[in-house]
Amino acid sequence: MIETWRRLSGLRVEDRRLLLEAVALLAVTRIGLRVMPLAAVRRLLVPSAGRWPGGPADGGPRTGLSADPIRRSAGGAGGRVERVSWAITAASRRLPGTTSCLAQALVAERMLRRRGHTPELRIGVRHGPMPQSERRSALRKAPLDAHAWVECDGVVVVGQRADLADYGVLSAGRRA
Amino acid sequence: MSGTIPDSAIVVAAGDLLTSEFDRELVILNLRDSVYYGLEDVGARIWNLLQKPVPVSAIRDLLVSEYDVDPARCDRDLQGLLAELVTRGLVQIRERG
């Protein structure tokens, strides 16, 4: 406890505020996801969001993304995005148990929108590894593996992983 | 909901869904209950038809013309699929007809 407080007080004021905001939002979102549908949680966090993002037209992996870690800049938009990314990752570490990629993505979307950015929430699926017992059967499909992440200005803000390109992005359907 | 869906009923895919064509499978995420579904082949074809309101009879007629299938069997299978899609909130019945 004392160790954490010392680290917290050593942060810059703005970073501390971001971190506390991320902790609060993540805690609420984690509970929300357990008791409410995903759509309802998102409406609470981002009331103005409206439609779900369309994602790339072909539903496939995005191109032109920077795989590099977000660079810290002196100030300005890039710096803010990186600080939000840091705050959410740091907050997830501080909360007990696991904070899902979905919770992190939903909170990232809110925090970035509130700061004037246009984040894009992505939910993707891929086939997870085939369980050993099923390998001999040609008919069974490997279970679906889902992941959620947020892109902002062409950079993955939360939810980055080495095999991100393997996930097929889900997008809102066309409705008549 | 029990009983068959009338031929003249208009059905359509529900809102609050995300989809992706992935590895020859159509994946649907129902945002209202956070459950994923997969449809393949004919199921995926039917799903595409459901993107606009369409009478059940029109779906059946199209399937019978596109696939080498007995109309009565097609009807039964289609009813089964539609009933499940409706139960899971993926499809709405606009008019019972």
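In chain A, the side chains of Asp15(A) and Arg83(A) form a salt bridge, with a distance of 2.6 Å from N to O. This pair connects distant parts of the chain: Asp15(A) belongs to helix H2 (residues 13-35) of chain A, Arg83(A) belongs to helix H4 (residues 76-94) of chain A, and the two residues are 68 residues apart. Side chains of opposite charge can pair when their charged atoms come close. The model discussed here is a predicted one. Over all chains, a search of the whole structure finds 19 salt bridges.

The strands may be considered next. Strands of a sheet pair through backbone hydrogen bonds, in either a parallel or an antiparallel sense.

Strand E2 (residues 144-152) of chain A is joined to E3(A) by three bridges, and the two strands run antiparallel. Within this pairing, Cys152(A) has Val155(A) in E3(A) as its bridge partner, while Val150(A) has Val158(A) as its bridge partner in E3(A). Two residues lie between the strands in the hairpin of E2(A) and E3(A), where Asp153(A) takes a positive phi near 55°.

E2(A) also pairs with E1(A), in the antiparallel sense and over eight bridges. Here Leu121(A) stands opposite Val150(A) in E2(A).

Ala172(A) stands opposite Leu18(B) in E2(B).

How many residues does each chain bring to the contact? Chain B contributes 24 residues and chain A contributes 23 residues. The size of an interface is often given as the accessible area lost when the parts come together. Between chain B and chain A the buried area is about 1900 Å², and carbon and sulfur atoms give 56% of it. Leu18(B), Phe22(B) and Leu31(B) supply 29% of the area that chain B buries against chain A, more than any other three residues.

Between chain B and chain A the count of salt bridges is zero. The interface does hold five residue pairs in polar contact, both residues of each being at pLDDT 80 or more. On the side of chain B that touches chain A, the elements giving two or more residues are strand E1 (10-13), strand E2 (17-22) and strand E3 (25-30) of chain B. E2(B) gives the most to this side, with five residues. By class, the side of chain B that touches chain A has eleven nonpolar, five polar and eight charged residues.

Notes: Residues are numbered from 1 along each chain as its sequence is written. Chains are lettered from A and ligands numbered from 1 in the order in which they are written. This is a predicted model: local features need pLDDT of at least 70, side-chain atom pairs count only at pLDDT 80 or more; totals for chains, interfaces and linings use all residues. Side-chain values use heavy atoms; hydrogens and water are left out. Contact means heavy atoms within 4.5 Å. Buried area is the accessible area (1.4 Å probe) that two parts lose on being put together, summed over both. A salt bridge is a side-chain nitrogen of Lys or Arg within 4 Å of a carboxyl oxygen of Asp or Glu. A polar contact is a pair of N or O atoms within 3.5 Å; within protein, one must be able to donate a hydrogen and the other to accept it, and residues adjacent in sequence count only if both atoms are side-chain atoms. Helices (H or I, at least four residues) and strands (E, at least two) are DSSP runs, numbered from the N terminus. Ala, Val, Leu, Ile, Met, Phe, Trp, Tyr, Cys and Pro count as nonpolar, Asp, Glu, Lys and Arg as charged, and the others, Gly among them, as polar. Two strands pair if DSSP finds at least two bridges between them.
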